[in-house]
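The structure is shown first, and the points follow by topic.

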Amino acid sequence: MTRVDVLDPQGRFVTSATCELTEQLAEGRWAGLLTGVEPNKRLVSGRYRLRTRDGVEIDIFVRARQRIGSRERYPFLGEGRPPALEPA
């Protein structure tokens, strides 16, 4: 898991979150979770980009917002090669 910046498709900053890769799907597709989204921010389903601390950008599609108790998480599908994530 690592902290990433979440950008809109045009590259504008939306929020920060913790990113975790959860599974490798078919070639060039993978899945993950965003958690720890900055307070008072909420993501809607749709396309975003993740930017890692070393500047790598990855296209993702947020599928939903899931609420578990008082915590929220955002499952997503990634496109292309998954990033090498450093510990948060």
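A search of the whole structure, which is a predicted model, finds 1 aromatic pair. Trp-30 and Phe-76 make up this pair, in an edge-to-face arrangement with 5.8 Å centre to centre and 85° between the planes. The pair links distant parts of the chain, its two members being 46 residues apart.

**Aromatic pair**
- Trp-30 lies in strand β3 (residues 29-35), and Phe-76 lies in strand β7 (residues 71-79).
- Trp-30 and Phe-76 are both buried.

**Nonpolar core**
- The largest nonpolar core has 15 residues, and those touching the most other members are Val-6, Leu-34, Leu-43, Leu-50, Ile-60, Val-62 and Phe-76.
- At least two residues of this core come from each of β1 (2-7), β2 (13-24), β3, β4 (46-51), β5 (57-62) and β7.
- Strand β5 supplies the largest share, 3 residues.

**Contacts of Leu-50**
- Apart from neighbours within four places in sequence, Leu-50 is in contact with Val-4, Asp-5, Val-6, Cys-19, Leu-34, Val-56, Glu-57, Ile-58, Ile-60 and Phe-76.
- Among these contacts, Val-6, Leu-34, Ile-60 and Phe-76 are also listed with Leu-50 as core residues that touch the most other members.

**Thr-35**
- Thr-35 is part of strand β3.
- Thr-35 counts as buried because its relative accessibility is 19%, and the cut-off is under 20%.
- With neighbours within four places in sequence left aside, Thr-35 is in contact with Arg-3, Ala-17, Thr-18, Glu-72 and Arg-73.

Conventions: Residues numbered from 1 in each chain as written. Predicted model: local features only at pLDDT ≥ 70, side-chain atom pairs only at ≥ 80, totals over all residues. Heavy atoms only, no water. Phe/Tyr/Trp six-rings, centres within 6.5 Å; stacked < 30°, edge-to-face > 60°. Helix = DSSP H or I, 4+ residues; strand = E, 2+ residues; numbered from the N terminus. Buried < 20%, exposed > 50% of the residue type's maximum accessible area, 1.4 Å probe, protein only. Core = buried A, V, L, I, M, F, W, Y, C linked by side-chain atoms within 4.5 Å. Contact = heavy atoms within 4.5 Å.
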